[in-house]
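Biologist: I'm new to this one, could you walk me through it?
Modeller: Gladly, let's look at it together.
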Amino acid sequence: MKLTRRTFITSAAAMATIVAKPAILRAAEPLMFGFLPGNSIHWIADVLVKKGFLKDVGFDLQFSTMQSSPQSIQWAVAGAYQIAASQPEPFIAAVERGADSLAAISAPMNRADWVLNGAPGITSVKDLKGKTIGVSALRNSEVWLTTQLLEKAGLNKGEYDFIVAGTSPAKVIALQKSAIAAAVMFQPSAELAITQGLAALAYYGNLRAYPPTLYVVNKEWAAKGDAGKRVAHALGRGHAWLWDPNNRAEATQILSKYTKREQPIVDAVYEDYFVKGKIYSKAGEIELDGLNRALADMASDGELIKVPAPPATKYVLDRSLGGLAR
């Protein structure tokens, strides 16, 4: 091709585009994100899927509906998930048992969005004296935070019991049948329970910082091709988009689609996350103080780690690789 002034300018502009946006023009990298779309804590993940923010930084994003946090971490260890959602306990357990290639890159929120819902006839926390409370596991943050919440209301250990009641849908059934007096409910199931007459006895977002969920990656994967930094950029962009009130209508439509809940329910969740409670993470950062508190509870329990608990920084991806923490 004959080089003219016009073809030179055109070629130079194309090269500038390649230099400025290498992630967009390179072949898209596969990225499997394991999370639970039915839980609204993963609103940021729903947004990344729908809005294409990870695509903009060079990833071909697919998502997988995880079955549990332990399974999600197992798949992260095996390399099937590039980003794995997990409650802190299974992730910490995996690292302590040798999976030290894993690290937390982000937290969708640093305060639990849970609600303590009561069975019919249970209208206050004080009604739980001598009663049974349903949780998903007996040695996790649901029990530890509920214990703290009940102590604030004047109920001491031994004045109530915990029982494994399964997932949120199973908890709702148990509540409706009065098989349990109360249950720790995740959103948006908690709002659905309220519409069914199961009173909200307490909100956990008023308690101290304590990340209920972490997003976990492999350190080597995060380092390769700046994958961690690119994911962090997309996460930050997604959180900023969610916090923009101009995006509220579209954001609630996205949550309604992935959680399969009606608009009034997701509107109530939006109010809790971004308007009244303001408990959703502003930028996806992990609050180290909150994670340190969770680690202290695990150490006190003694099953996963021992006193003194390791510092939270042991489990968080380094900033140089894209880790979001403060």
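Modeller: Before we start, a pocket here is an open set of grid points with protein on both sides within 12 Å along at least five of seven lines, and its lining residues have an atom within 4 Å of a point. Please keep in mind that this is a predicted model.

Biologist: Okay, which element gives the most to the lining of the largest pocket?
Modeller: That is H7, which contributes three residues to the lining.

Biologist: And how much space lies in that largest pocket?
Modeller: The largest pocket holds about 780 Å³ of space. It is lined by 34 residues, and those closest to its centre are Leu 36, Asn 39, Gln 87, Thr 167 and Phe 186. Helix H4 (69-78), E3, helix H5 (88-96) and helix H7 (168-176) are the elements that each give two or more residues to this lining.

Biologist: How many of the lining residues are nonpolar, polar or charged?
Modeller: The lining comprises twelve nonpolar, 17 polar and five charged residues.

Biologist: Switching to strands, why is E10 largely enclosed?
Modeller: Strand E10 (residues 214-218) has four of its five residues buried, so the rest of the structure largely encloses it.

Biologist: Which strands does it pair with?
Modeller: E10 pairs in the antiparallel sense with strand E3 (residues 83-86) over three bridges, where Ala 84 stands opposite Val 216. E10 also pairs with strand E4 (residues 102-106), again in the antiparallel sense, over four bridges, and there Leu 102 has Asn 218 as its bridge partner.

Key. Residues are numbered from 1 along each chain as its sequence is written. This is a predicted model: local features need pLDDT of at least 70, side-chain atom pairs count only at pLDDT 80 or more; totals for chains, interfaces and linings use all residues. Side-chain values use heavy atoms; hydrogens and water are left out. Buried means under 20% relative accessible area, exposed over 50%, partly exposed in between (1.4 Å probe, protein chains only). Two strands pair if DSSP finds at least two bridges between them. On a 1 Å grid over the protein atoms alone, a cavity is a set of points where a 1.4 Å probe fits but cannot get out, and a pocket is an open set with protein on both sides within 12 Å along at least five of seven lines; lining residues have an atom within 4 Å of a point. Grid points are joined across faces, edges and corners, and a volume is the space filled by probe spheres set on the points. Ala, Val, Leu, Ile, Met, Phe, Trp, Tyr, Cys and Pro count as nonpolar, Asp, Glu, Lys and Arg as charged, and the others, Gly among them, as polar.
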